[in-house]
Amino acid sequence: MGRISAGADGNGGQRDAAAGSGREETEEERADRQWTDLLQELRVAQTGVQILFGFLLAVVFQPRFADLSTVDRNIYVVTVMLGSATAAALIGPVSYHRLLTGRRMKPQTVTWASRLTKLGLGLLFCTMCSTLLLILRVALHNVLALWLVGAMALWFFACWFVFPLWAIARGGNPKSGGGRRGDGDSGSAG
């Protein structure tokens with residue numbers, strides 16, 4: 001493959017030259033770089049999910065679990081199912097990559113792995129909120145638990161989704177290199 005300017009969108013189209021990253025790389029080199037970036041992101045998310053999921057699995061074997069109300073047991077079941085779905089979505093890109101390795105499909109692999117990662121982050125948001133709801137209901141036994149979970153849900157949502165989308169909307173400062181698409185953003189692949 002020939003070299004393409006990072007300003008090219010990978011589909012033969014050309015973006016505004018000012019928005020380019022200034023990198024000269026082939027589509028395959030770009031996919032390799034984006035895959036490496038995505039793996040680093042997944043390592044952070046997977047570690048947290050695996051620890052959380054491990055603790056969730058252990059809860060059912062605690063003596064106090066039998067004392068939970070039906071509502072709290074249902075919240076627990078939903079939380080464990082969400083944790084399972086989150087783990088599957090965030091570990092899925094590794095399997096996807098492994099099964100497609102050597103088939104010259106790296107750009108497509110990055111696109112689908114990025115989509116699975118975004119889905120996994122959405123599921124992680126739900127898992128965290130559900131976990132907090134269960135813990136705070138057991139700890140507080142009152143409606144304050146719902147208010148605290150709501151506040152934390154807003155905070156998670158802002159940190160994980162609103163702030164990044166706000167940065168995209170602002171476009172960044174072209175002089176500082178912020179807000180440029182294709183400059184290592186593995187999410188731009190999907």
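**Close-up views of a predicted model**

**View A. Asp-32 and its salt-bridge partner Lys-106.** Asp-32 is partly exposed, with a relative accessible area of 36%. The model shown here, as in every view below, is a predicted one. The side chain of Asp-32 meets that of Lys-106 in a salt bridge, with a distance of 2.6 Å from N to O. Because Asp-32 belongs to helix α1 (residues 27-59) and Lys-106 to helix α3, the pair ties together parts that are 74 residues apart in sequence. Lys-106 counts as buried, since its relative accessibility is 18%, and the cut-off for a buried residue is under 20%. Side chains of opposite charge can pair when their charged atoms come close.

**View B. The salt bridge between Arg-137 and Asp-72**. The closest N and O atoms of Arg-137 and Asp-72 are 2.5 Å apart. This pair links distant parts of the chain, with Arg-137 in helix α3 and Asp-72 in helix α2 (residues 70-100), 65 residues apart. Are the two partners buried or exposed, or does each fall in a class of its own? Asp-72 is buried, because its relative accessible area is 7%. Arg-137, at 28% relative accessibility, counts as partly exposed.

**View C. The salt bridge between Arg-33 and Glu-25**. The side chains of Arg-33 and Glu-25 meet at 2.6 Å, N to O. Arg-33 counts as buried at 14% relative accessibility, and Glu-25 counts as buried at 8%. How many salt bridges does the structure hold by the rule applied here? The count comes to 3 salt bridges, among them the one between Arg-33 and Glu-25.

**View D. The aromatic pair of Phe-65 and Tyr-76**. A pair of aromatic rings is described by the distance of the centres and the angle of the planes. The structure holds 8 aromatic pairs. One of them is formed by Phe-65 and Tyr-76, whose ring centres lie 5.1 Å apart with 70° between the planes, an edge-to-face arrangement. Phe-65 is placed in the loop between α1 and α2, whereas Tyr-76 is in helix α2, and the pair links parts of the chain that are 11 residues apart. Phe-65 and Tyr-76 are both buried.

**View E. A cluster of aromatic rings.** Which residues are linked into a cluster by ring pairs? The members are Phe-125, Phe-156, Phe-157, Trp-160 and Phe-161.

View F. A disulfide is a covalent bond between the sulfur atoms of two cysteines. Cys-129 takes part in none, and its nearest cysteine sulfur, that of Cys-126, is 6.8 Å away. Cys-129 is buried, with a relative accessible area of 13%. Cys-159, by contrast, is partly exposed, with a relative accessible area of 30%.

**View G. A nonpolar patch on the surface**. The patch is formed by Leu-140, Val-143, Leu-144, Leu-146, Trp-147 and Leu-148, which together have about 590 Å² of accessible area. Helix α4 gives the most to this patch, with 4 residues. Val-143 has its place in the loop between α3 (106-140) and α4. Val-143 counts as exposed, because its relative accessibility is 54%.

**View H. Trp-147, a member of the nonpolar patch**. Trp-147 lies in helix α4, which spans residues 144-170. Is Trp-147 buried or exposed? Trp-147 counts as exposed, because its relative accessibility is 65% and the cut-off for exposed is over 50%. From C-alpha to C-alpha, Trp-147 and Leu-133 are 9.7 Å apart in space, and they are 14 residues apart in sequence.

**View I. The setting of the close-ups in the chain.** The secondary structure comes to 4 helices and 2 strands, which follow one another along the sequence in the pattern β-β-α-α-α-α. Of the 190 residues in the chain, 36% are buried. The accessible surface of the chain is about 11600 Å², and carbon and sulfur atoms account for 65% of this area. Among contacts between residues at least 6 apart in sequence, 66% join residues at least 24 apart.

Note on methods:
Residues are numbered from 1 along each chain as its sequence is written. This is a predicted model: local features need pLDDT of at least 70, side-chain atom pairs count only at pLDDT 80 or more; totals for chains, interfaces and linings use all residues. Side-chain values use heavy atoms; hydrogens and water are left out. Buried means under 20% relative accessible area, exposed over 50%, partly exposed in between (1.4 Å probe, protein chains only). A disulfide is a pair of cysteine sulfur atoms within 2.5 Å. Patches are made of residues with over 30% relative accessible area and no salt bridge: like charges are joined within 9 Å, nonpolar side chains (Val, Leu, Ile, Met, Phe, Trp, Tyr) within 5 Å. Accessible areas come from the Shrake-Rupley method with a 1.4 Å probe; for residues, only the protein chains shown count as cover. A salt bridge is a side-chain nitrogen of Lys or Arg within 4 Å of a carboxyl oxygen of Asp or Glu. Contact means heavy atoms within 4.5 Å. Rings of Phe, Tyr and Trp (its six-membered ring) pair if their centres lie within 6.5 Å; planes under 30 degrees apart count as stacked, over 60 as edge-to-face and the rest as tilted.
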